[in-house]
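Visitor: Could you walk me through this model and show me how to read its features?
Guide: Gladly; have a look at it here.

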Amino acid sequence: DPQEFVDGLTLEAVVLREATLQRLRQVRAALQVNTAVALQRLGRWKEATEACNVALEIRPGYPKALYRRGLLEWKMGQLEAAERDMLAAAGLGPDKPGIL
């Protein structure tokens, strides 16, 4: 049946589109973290933190963004925020005691 063939192609196209969009989100988030690293090296910590925030908007819970933001917060003396981000990056926290 030609319609079944078209429906199969349509479903395949939707699945491929979603996979592509997911991969693009991952790449965009990674680029933001790379930008944060460059800004950190330039001593532009606030801007680097903002790049991490953008990465986390694109990809919530992204461990590399949480880790980088935690480092920046630590450097800026925001110790509670730094601890929270570092624990989240490590998959730890009050509800996930890990090795603590």
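Visitor: Which residues make up the largest nonpolar core?
Guide: In soluble globular proteins, nonpolar side chains tend to be buried together. A nonpolar core here is a set of buried Ala, Val, Leu, Ile, Met, Phe, Trp, Tyr and Cys residues joined through side-chain atoms within 4.5 Å. Buried means under 20% relative accessible area, exposed over 50%, and partly exposed in between, with a 1.4 Å probe and protein chains only. The largest core has eight residues: A29, V33, A55, L56, I58, Y62, A65 and L66. Another core, of six residues, lies apart from it and includes A36, L39, A48 and C52.

Visitor: What should I keep in mind about the model and its numbering?
Guide: This is a predicted model, where local features need pLDDT of at least 70 and side-chain atom pairs count only at pLDDT 80 or more, while totals for chains, interfaces and linings use all residues. Residues are numbered from 1 along each chain as its sequence is written, and side-chain values use heavy atoms, leaving out hydrogens and water.

Visitor: How many helices and strands does the protein have?
Guide: Helices (H or I, at least four residues) and strands (E, at least two) are DSSP runs, numbered from the N terminus. This protein has four helices and zero strands.

Visitor: Why does the length of α2 agree with what it should span?
Guide: The expected span of a helix is 1.5 Å times one less than its number of residues. The 14 residues of α2 should therefore span 20 Å, and its end C-alpha atoms are 20 Å apart, which agrees. Its buried residues are A48, T49, A51, C52, A55, L56 and I58.

Visitor: Which residues does L66 touch beyond its sequence neighbours?
Guide: Contact means heavy atoms within 4.5 Å. Leaving aside residues up to four places away in sequence, L66 touches L56, G61, D85, A88 and A89. A88 lies in helix α4 (residues 79-89), and its C-alpha atom is separated from that of L66 by 7.0 Å. A88 counts as partly exposed because its relative accessibility is 37%.

Visitor: What about R68: where is its nearest side chain of opposite charge?
Guide: Lys and Arg count as positive and Asp and Glu as negative; His and the chain ends are not counted. A salt bridge needs a side-chain nitrogen of Lys or Arg within 4 Å of a carboxyl oxygen of Asp or Glu. R68 is buried yet has no salt bridge, and the nearest such side chain, D85, is 11 Å away.
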